[in-house]
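Biologist: I have a model open and would like to learn how to read it. Could you walk me through its features one by one?

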Amino acid sequence: MLFQVLEKGRSGRDSLEQVQQRHNPRDNAWIQEMTFGVLRQLPLLQSWLRTLLTSPLKGDKKIIEHLLLLGLYQQAFSRVAGHAAVSETVNAAASLGAPRLKGLVNAVLRNFSRQALAEQPVRDPIIQSGLPKWLYQAIDAAYGDSSQQVIEQTNQPAPLWLRINTRQVSKAAFTDRLDEAGITYTSPGSHPEAIILNKRQDVTALPGFEQGWFAVQDGAAQLAAHYLDAQPGERVLDCCAAPGGKTGHIVERTPDLASCVALDSDASRIKRTTENMQRLQHSQAVSLACADAALPADWWDGEPFDRILLDAPCSATGVIRRHPDIRWLRKASDIEQLMTIQAKLLDALWPLLRPGGTLLYATCSVLPRENQHQIRAFLDTHTDASLEPVSSGESRAQPGRQILPGEQQMDGFYYARLVKSANNQ
Ligand SMILES: C[S@@+](CC[C@H](N)C(=O)[O-])C[C@H]1O[C@@H](n2cnc3c(N)ncnc32)[C@H](O)[C@@H]1O
């Protein structure tokens, strides 16, 4: 999994799933804990490895470096006994086709404990942060004194939030079933349809999964449907919809919409959205299409929308605690490109909104350039747009609500609500 993410640039979740399919399901949680742990502590583990290895391993031996990172992680951070971590890692070298490197693996891991590297203080703040330098600097520049807290939260495992599908089951009936099954949870007062499970678990085994009684959705993402606030009889567009988390919530909250059009430009993600809508029993309520939202001439029937949700493609820096691979897959240069796409989508979709209509802009980013800067620039260039705050303290200079990772147990997210002037000036 680590080799796939760090060398091939593949998604952590996909690689993890592939690995887990080859192993006993009993080990799923452990495999995730170890691999995600390495991704969170990578700079520190790599600095230790640089001390311990006389020269880096290259070519088809590179995978052994990843194995060593895993061995170091187990020794330094996990409850696995030191001797077991060493012997299992040495054996794994043979399974990975490098039996001749067993001696080297053994020596590196033993030297690690002998030199007590884990006990030495880490002085470099970037190594301490577990983030790539560009991201550390971007967070530091944006949050100053609070940046340490943002980084700490970014490195915590995320809690498991569920959204109860109130079209299928009431919250009370669902939680009764959880109580009967001995599954414990908390019920955050701020989120009417949410519960947070006390322990991570396989959600497909929870009561009502097949019947679509709930969806997995973080608390920050669950604010979208409330902020969009679609009303009965309205035409709604969710234009970057896959895999349909927010779409499902919109039609659950307002089942009697005139229509809910959900678009995504990625065909494989549309397939997943179709499956999710089927499970939640929303197929009738949602019109799904694979299309580029920035090219309305290809898909729009000319009828204006009352509400548009633009959950824009973004750096996903607010959800790194959930997807620790993102910090290594994203590059500094991606941000500029994403900002261009976000601005293009905002410009292309605004004309589709009726006068008086609402557009909710959302990202799961903590970077101001994708959030406040983007909305300020939009307001400066669109005289018929005004800000309708979703939280207190918003202004044209500081538009939108920035949720930081860990705030009320939520992911990092950004929302800004824009209203089009009714007299179409
Ligand atoms: C943040 S994700 C959406 C998550 C989704 N709203 C949910 O709550 O489950 C952004 C989505 O935008 C899609 N996307 C990116 N560019 C697009 C475009 N030009 N038109 C339509 N969809 C696009 C991506 O394929 C991706 O699925």
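Modeller: Gladly, and let's start with a strand pair: strand E1 (residues 160-164) and E4 run antiparallel and are joined by three bridges. Strands here are DSSP runs of E with at least two residues, helices are runs of H or I with at least four, and both are numbered from the N terminus. Two strands pair if DSSP finds at least two bridges between them. Within this pair, isoleucine 164 stands opposite phenylalanine 214 in E4.

Biologist: What kind of model is this, and how are residues numbered?

Modeller: It is a predicted model, in which local features need pLDDT of at least 70 and side-chain atom pairs count only at pLDDT 80 or more, while totals for chains, interfaces and linings use all residues. Residues are numbered from 1 along each chain as its sequence is written.

Biologist: In which order do the four strands of the open sheet lie?

Modeller: In general, strands of a sheet pair through backbone hydrogen bonds, either parallel or antiparallel. Here the order is E2-E3-E1-E4, with antiparallel pairing. Strand E2 (185-186) and strand E4 (214-216) are at the edges with a single partner strand each, so one side of each has no neighbour in the sheet.

Biologist: How should I read the packing of H3 and H5?

Modeller: Two packed helices are described by the angle between their axes and the distance between the axes. The axes are lines fitted to C-alpha atoms over the stretch in contact, and angles run from 0 to 180 degrees between N-to-C directions. Helix H3 (residues 28-40) and helix H5 (residues 62-77) pack at about 95 degrees, with axes 10 Å apart. That angle makes H3 roughly perpendicular to H5; angles under 35 degrees count as roughly parallel, over 145 as roughly antiparallel, 65 to 115 as roughly perpendicular and the rest as oblique.

Biologist: Which residues of H3 and H5 meet?

Modeller: Met34, Gly37 and Val38 in H3 meet Leu69, Leu70, Tyr73, Gln74 and Phe77 in H5, where contact means C-beta atoms, placed from the backbone, within 7 Å.

Biologist: And how do H9 and H10 cross?

Modeller: The axes of helix H9 (residues 133-143) and helix H10 (residues 147-154) come within 8 Å and cross at roughly 135 degrees, so these two helices are oblique to each other. Ile139, Asp140 and Tyr143 of H9 make the contact with Ser147, Val150 and Ile151 of H10.

Biologist: Which residues come nearest to the ligand?

Modeller: Of 19 residues around the ligand (C-beta atom, placed from the backbone, within 6 Å), Cys240, Gly245, Asp266, Ala293 and Asp311 come nearest. Helix H13 (245-253) and strand E6 (259-264) each give two or more residues to this shell.

Definitions and conventions. Contact = placed C-beta atoms within 7 Å.
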